[in-house]
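This report describes a single protein chain for a reader who has the sequence and the structure at hand. It begins with the order of the elements and then turns to the sheet and the cores.

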Amino acid sequence: PSDKALLVPLLNPDQVVSGQAARFGDPILLDLDGRGVRDMAYCGGKYFIIAGHRDGRGHSTFYQWAGGSARPEPIPDTRFKGLNPEVVVFYPDTGCEAFQFLSDDGSNRRQGTRCKDLPNVNARRFRSVWVEP
């Protein structure tokens, strides 16, 4: 709505996994410069958001957000040239200092065919990129 990303908080995730009905909180509109949320992870009291265009075109941006009514802030010097990031992963032993991006390479060509269209599913690929300070 209004070029903002829509988040709807799930209030009872543990109960949903156990088979109970989901309960949702009030919706949140985030200004991600016209992008939508590709992935969001929580680390060190902040949310980290990969935001990309809804049509998969254009470049993605990495944001940090304190939550609530705070404005998400782009993380400087984060460039995704040649990547289509879909996932950010933080690991307990690295804290928030080092993390991993997973890139969807389905549109990249291999053997003249888009990777996601290769008949042999074992030939389809994605990439993993580690980011460390």
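## Overall architecture

Read from the N terminus, the elements of the chain follow the order β-α-β-β-β-β-β-β-β-β-β-β. This amounts to one helix and eleven strands. The model is a predicted one.

The C-alpha trace spans about 45 × 40 × 40 Å along its principal axes. Of the 133 residues in the chain, 29% are buried. The accessible surface is about 8800 Å², and carbon and sulfur atoms account for 50% of that area. When contacts between residues at least 6 apart in sequence are considered, 36% of them join residues at least 24 apart.

The chain carries 17 positive and 16 negative side chains. The centres of these two sets are separated by 8 Å.

## The four-stranded sheet

An open sheet is formed by four strands in the order β3-β4-β5-β6, with antiparallel pairing. Its edges are β3 (36–43) and β6 (73–74); each has a single partner strand, so one side of each has no neighbour in the sheet.

Strand β4, which covers residues 46–52, runs antiparallel to β3 and is joined to it by seven bridges.

On the pairing of β4 with β5 (residues 61–65), five bridges connect the two strands in the antiparallel sense. Here Y47 stands opposite W65 of β5.

Why is β4 largely enclosed by the rest of the structure? Five of its seven residues are buried, and therefore β4 is largely enclosed.

## The nonpolar cores

The largest nonpolar core has ten residues: A41, C43, F48, I50, F62, F80, V88, F90, F99 and F101. Two or more residues of this core come from each of β3, β4, β7 (85–90) and β8 (99–104).

F62 is one of the members of this core. Leaving aside residues up to four places away in sequence, F62 touches F48, I49, I50, E73, P74, I75, T78, F80, V88, F99 and F101.

Notes: Residues are numbered from 1 along each chain as its sequence is written. This is a predicted model: local features need pLDDT of at least 70, side-chain atom pairs count only at pLDDT 80 or more; totals for chains, interfaces and linings use all residues. Side-chain values use heavy atoms; hydrogens and water are left out. Buried means under 20% relative accessible area, exposed over 50%, partly exposed in between (1.4 Å probe, protein chains only). Contact means heavy atoms within 4.5 Å. Accessible areas come from the Shrake-Rupley method with a 1.4 Å probe; for residues, only the protein chains shown count as cover. Lys and Arg count as positive and Asp and Glu as negative; His and the chain ends are not counted. The place of a charge is taken as NZ of Lys, CZ of Arg, CG of Asp or CD of Glu. Two strands pair if DSSP finds at least two bridges between them. A nonpolar core is a set of buried Ala, Val, Leu, Ile, Met, Phe, Trp, Tyr and Cys residues joined through side-chain atoms within 4.5 Å.
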